[in-house]
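Visitor: Hi, could you walk me through this one? I have not looked at it before.
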Amino acid sequence: MTTMSDKQPPAPLTDIERVTLLCVAGHMIPASVEYGVPGADDLRIFADITRSIDRDREVLGKALQVVNDLSDGMILALSRAEQAKRLAEFRTRHADLAGVIESVVARCYYRDDRVMASIGMEARPAFPKGYKVEQGDLSLLDPVRARGKIYRDAG
Amino acid sequence: MNEPVDVLIIGAGASGAAVAWSLAETRMRIVCLEQGDWPKSNDFPSTGTDWEARALEDYAISPNRRALEADYPVNDDDSPIKIANYNGVGGGTVFYAAHFPRLHPSDFRVRSLDGVADDWPLDYGTLEPFYALNDRMMGVSGLAGDPAYPQKEAVMPPIAMGRTGEVLGTAMNRLGWHWWPSDAAIATEEYEGRAPCINLGQCGSGCAQGAKASTDVTYWPEAIRSRIEVRTKCRVSRIETNDADMATGVHYFDADGKEVFQPAEIVIMACNGIGTPRILLNSASGRFPDGLANSSGLVGKNLMLHPYAQIRGHFDERLDGYRGPPICVWSMEFYETDPARDFLRGYSYQFSRGIGPARTAINGFADGMVPWGEGHHAAFRRLFERSAGMVSVCEDLPEETNRVTLDPDLKDGNGIPAPRITYRLSDNTRKMLEHSVARGVEILEAAGAHDITTKAPVPYAGWHLLGTARMGRDPERSVVNEWGRSHDVKNLFIVDGSVFVTSGGVNPTSTIQAVALYVADQIKSRIYELFD
């Protein structure tokens with residue numbers, strides 16, 4: 001019987017999973033001098049990633065296993081150029097699994113203060129300050145009004 | 001056994017709250033059982049910088065992903081559209097976008113006008129005062145004068161359409177097509193103790209500001225002041241009946257997992273188009289071997305989900321980004337049946353603003369527009385805060401093969417059999433989706449967008465759960481009568497989206513609540529002949 005109360009806290013990453021994920025994250029979003037941002041393998045960001053895997057733990061483990069399987073057992077043993085080649089193959093052949101790693105990495109990377117500042121975001125939650133959005137020009141609706149009723153009468 | 005009550009409501013969401021509030025004036029003893037808890041606004045994702053991650057965890061729209069104690073699993077493997085919901089006081093209104101269109105007058109006359117499906121036993125005119133009452137109770141913002149609808153009152157000024165609305169509206173004008181600022185159940189000024197919208201942008205995972213009209217902050221405080229009791233963490237397993245084929249109350253599991261019987265004179269179901277048939281089917285007995293209220297055989301059948309197509313593009317200028325209520329404008333240009341098209345009925349568009357940075361990257365990866373490696377940062381910046389688009393909400397016609405049954409194996413945390421969904425897109429729906437994608441691309445091109453992406457149907461968008469206990473005058477062709485009472489069990493009422501005869505092509509919450517208020521009004525006005 002499957003029940004909703006069977007949910008357990010996610011198991012921590014194994015050492016092999018951790019170094020594999022670190023390698024993949026660095027390839028996915030590398031540091032950039034031009035934009036002044038760290039890579040997703042930055043220690044602070046990566047610590048956030050490993051803390052925040054939550055419901056994706058099981059499928060992430062599967063994805064990292066596939067990455068290593070495609071890398072003759074261990075992606076870290078390959079040259080950087082060869083790593084990139086194998087990861088491109090992984091994305092092509094296992095888009096769903098790649099999508100899980102992308103989600104796990106991106107949702108932590110893009111909440112890092114340094115990254116937020118670089119893309120023009122204030123490093124704060126939306127609440128309680130909120131944001132300003134212009135009302136917009138309601139006179140743009142004049143042609144819609146001029147056209148008149150478009151619904152069918154039916155009681 | 002608990003003390004008997006006059007009225008027992010199952011479910012504290014959109015319809016349960018409305019019916020409870022309306023019945024409060026009768027001074028009957030009313031209890032509402034809710035399987036979830038009260039939402040806590042200070043926990044909502046918009047209170048942290050990790051909002052995008054939290055919207056994929058405890059605030060995920062899929063009950064199967066959340067898998068919290070309040071949730072029950074839904075086997076939706078046999079459906080291209082996956083189920084979305086929220087279980088707690090407020091129900092789906094806690095997570096909805098508060099996009100608040102009404103059905104159109106023609107939606108109630110589908111058989112008469114277009115020769116398909118069935119007419120409702122109600123019409124727009126009958127529901128109109130209840131729509132208006134609900135607009136005031138929820139606090140609806142909008143702009144009067146939309147030529148796609150009969151005249152209706154605007155309770156508050158419209159939400160900001162922003163630069164996104166201007167750009168897309170200008171494109172619609174170029175094409176000569178209808179558009180209008182959306183009606184939204186979002187306060188744009190101080191309203192009944194609620195603070196106005198400050199454009200948090202996270203309507204879809206709970207409004208920390210309290211500006212969005214979820215029923216935990218609208219109907220329920222009023223109803224509780226009128227001494228209605230909401231009992232949380234109480235999951236109903238089945239409805240009990242007696243030899244006279246009347247409901248005598250319900251069995252439920254309380255917060256400690258103890259099974260309790262709650263006697264009641266009247267039972268009202270407000271559990272949505274999946275939860276309601278689930279309980280009715282789980283209430284099978286010797287007297288009702290095929291499930292309660294199911295002499296028609298239609299309980300669980302005719303499930304309608306509103307297939308969505310998504311069309312998004314990117315612009316050279318910065319738009320509103322992740323700020324503001326995500327949906328700002330609608331279009332009803334393709335809503336009514338047009339004989340020149342190869343499908344019947346139609347769809348609405350919801351025009352939507354941008355998305356957050358993590359979602360921009362995740363979508364960009366998936367759509368091949370953001371690479372891994374050196375080019376990531378430049379590609380990301382070409383997309384972030386520059387996207388806008390739309391979803392089409394396609395009318396889903398009722399088909400008995402689309403249905404909710406009980407899964408033979410899957411159960412919730414209390415051991416209650418879980419629902420299983422069987423659902424297919426019809427040819428009519430596929431043609432409608434294709435049409436909406438093609439027109440959506442035209443709109444975005446007219447607006448100057450590039451890098452346009454499309455998706456149809458959108459898989460994780462099964463919000464609108466309709467039709468599984470339809471209303472009608474014929475007991476052989478419907479589950480409840482024209483005022484929401486079961487044909488078979490005369491003190492059992494249904495007020496949620498299950499009773500929809502057809503789905504229309506718009507978000508249903510406004511109509512669900514109008515119907516709930518209408519049924520409550522019928523109960524009050526027929527109180528002395530209610531069970532005849």
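Visitor: Which residues touch the most other members of the largest nonpolar core?
Guide: They are A:V105, B:V19 and B:A20, in a core of 206 residues. A nonpolar core here is a set of buried Ala, Val, Leu, Ile, Met, Phe, Trp, Tyr and Cys residues joined through C-beta atoms within 7 Å, and a residue is buried if 20 or more other C-beta atoms lie within 10 Å of its own, exposed if 12 or fewer, and partly exposed in between, with C-beta atoms placed from the backbone. Please keep in mind that this is a predicted model, in which local features need pLDDT of at least 70 and side-chain atom pairs count only at pLDDT 80 or more, while totals for chains, interfaces and linings use all residues. Residues are numbered from 1 along each chain as its sequence is written, and chains are lettered from A and ligands numbered from 1 in the order in which they are written.
Visitor: What is B:V19 in contact with, beyond its neighbours within four places in sequence?
Guide: Its contacts, meaning C-beta atoms placed from the backbone that lie within 7 Å, include B:I9, B:I268, B:A516 and B:V519.
Visitor: Switching topic, how many residues does each chain bring to the contact between them?
Guide: Chain A brings 55 residues and chain B brings 70. On the side of chain A that touches chain B, α5(A) gives the most, with six residues.
Visitor: How many helices and strands are in chain B?
Guide: Chain B has twelve helices and 16 strands, and 64% of its 532 residues count as buried. Its C-alpha trace spans about 70 × 50 × 45 Å along the principal axes.
Visitor: What is the strand order in the open sheet of three strands?
Guide: The order is β3-β14-β13 in chain B, with mixed pairing, where two strands pair if DSSP finds at least two bridges between them. The edge strands are β3 (75-78) and β13 (403-411) of chain B, each pairing on one side only.
Visitor: In which sense do β13(B) and β14 of chain B pair?
Guide: They pair in the antiparallel sense over five bridges, and B:T422 in β14(B) is the bridge partner of B:R403.

Methods:
Two residues are in contact if their C-beta atoms, placed from the backbone, lie within 7 Å. Helices (H or I, at least four residues) and strands (E, at least two) are DSSP runs, numbered from the N terminus.
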